[in-house]
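Hello,

Here is the structure I promised to pass on to you. Have a look at it first, and then read my notes below.

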Amino acid sequence: DIVKIPRRVVEDAIESAPKRIVIYDREGRESLLLEGKNTYFGMGITGLHFRDLESGERRDATLGDIGLACRVGDALPNLDLIATPLVVKATPEIPHKVVKQREFEAMLSNTTKPLMLLVDYVPILRDVLEMATVVAGGADALRERPFVLPYFNSVSPLGYNTDTLDNLLLLAEWGIPVICSPAPMAGATGPVTLAGTVVTANAEALGGLVICQLKRPGAPFITGSEAAIMYMRTANIAFGAPEQGILMMAAIEMAHYYGLPVVGLGCATDSIGLDQQTALEQMMGAYSCALAGVHLVPFIGFLETGLTFSPEAAIMGDEIIGMLKRIMRGVPVDDDTLALDTIKSVGPGGNFLNTEHTLRHYKREQWQPTLLCRTTFSSWVEGGSKLMGERVKEKLAEIIRSHQVKPLPNDVKAQISNIIERRKQSLS
């Protein structure tokens, strides 16, 4: 039962797919322009466990944890979108068929940033789209100003299950942007050679593209790759491995070759807790994505190969992204930034500290850290000798204490609750 797609059908799909997609926030403001080498970073996606804020213990996630995670992500200035941070287990009070809707409700209520979410079945996706329609002000408004990005994986190697196919077809019908990102694991669900795994991921991504374009030519489609390696000593996936960055960059090059908007895996760490490995692997992943020109980069805040979400890791990741965004801005060159008149007026042996030019430019030219230490040793000691982990916890506590998210209107909240309750009643 292998389906083979003719070359011309693939080429037609590539040609018909939009090369530019604009994503909005909950308030209808333009937020993400997916084209060229624009890169946007996001928190999430779909951890099974939560790193408890008080005990530090790893435990199952709750809806409250999702709300808290989204509120933290909403406060972090360098994060551009929020992906589903956690997966909640079904209970008698929250049956499986309404868990995703309740997760989406918690996300909607705790951030205004664009949302990326994983949905499994078509009836659930229909509910989610209906909820998003209520927030956007109608189906046409949601199509014109999409703020929700449903996200799916193919089944590596070279497969699509029925539910994913149905979801892709439904989103193409609605005209809502969809992310379809293969996730082969080199040495397990992909060839152990990096080139072979890139071929596998590319074929899967093009298969999803064809499905959407045959349903509706011009349907907005975001390709990608979450390929990584299987670490042979443990049989675990290794998101922090250098090979993961290579796999991702190769897949992104293919997407740029086709001219397609693309999502890439970045910023996840294999570390169990918040430590030096977390910082190293988050920086490595984020830098690789920035260099490759990935349009959407989620996974900030994840520990333990993506199984556990940590708000502290998200805060550390936000600082890293701030540094990278400054690097990505580069060096603007014009008459004012070249500063020839200022250089001439200061002259040999002078200094630029007290010039009007310095006052006018220093805040834009120099990135200002919120966590990194740039003080003297004596000042550091006087401030309590706090290392990075302590500073992260203090910043998290301040966000929880002070950050407020603009609430949804009461009528919108009521309609969302009715959609979920209607689904719940249909199961009884």
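Let me start with a pair inside one helix: Lys 100 and Glu 103 sit three residues apart in helix H3 (residues 96-110), so about one helical turn separates them. Helices here are DSSP runs of H or I with at least four residues, and strands are runs of E with at least two, numbered from the N terminus.

Before going further, please note that this is a predicted model, in which local features need pLDDT of at least 70 and side-chain atom pairs count only at pLDDT 80 or more, while totals for chains, interfaces and linings use all residues. Residues are numbered from 1 along each chain as its sequence is written, and side-chain values use heavy atoms, with hydrogens and water left out.

**Salt bridges**

The side chains of Lys 100 and Glu 103 form a salt bridge at 3.6 Å, N to O. The term stands for a side-chain nitrogen of Lys or Arg within 4 Å of a carboxyl oxygen of Asp or Glu. Lys 100 is buried at 12% relative accessibility, and Glu 103 is buried too, at 2%. Buried means under 20% relative accessible area, exposed means over 50%, and partly exposed lies in between (1.4 Å probe, protein chains only).

A second salt bridge joins Asp 127 and Arg 423 at 2.7 Å, N to O. This pair links distant parts of the chain, with Asp 127 in helix H4 (residues 122-136) and Arg 423 in helix H16 (residues 410-426), 296 residues apart. Asp 127 is buried at 2% relative accessibility, whereas Arg 423 is partly exposed at 23%.

In total, the structure holds 25 salt bridges.

**Two packed helices**

The axes of helix H8 (residues 242-258) and helix H9 (residues 276-292) come within 10 Å and cross at roughly 20 degrees. Axes are lines fitted to C-alpha atoms, for helices over the stretch in contact, and angles run from 0 to 180 degrees between N-to-C directions. H8 and H9 are therefore roughly parallel to each other (angles under 35 degrees count as roughly parallel, over 145 as roughly antiparallel, 65 to 115 as roughly perpendicular and the rest as oblique).

Where do the two helices meet? On the H8 side, the residues in contact (heavy atoms within 4.5 Å) include Met 248, Met 249 and Ile 252. Their partners in H9 are Met 284, Ser 288, Cys 289 and Ala 292.

Enjoy exploring the model!

Best wishes
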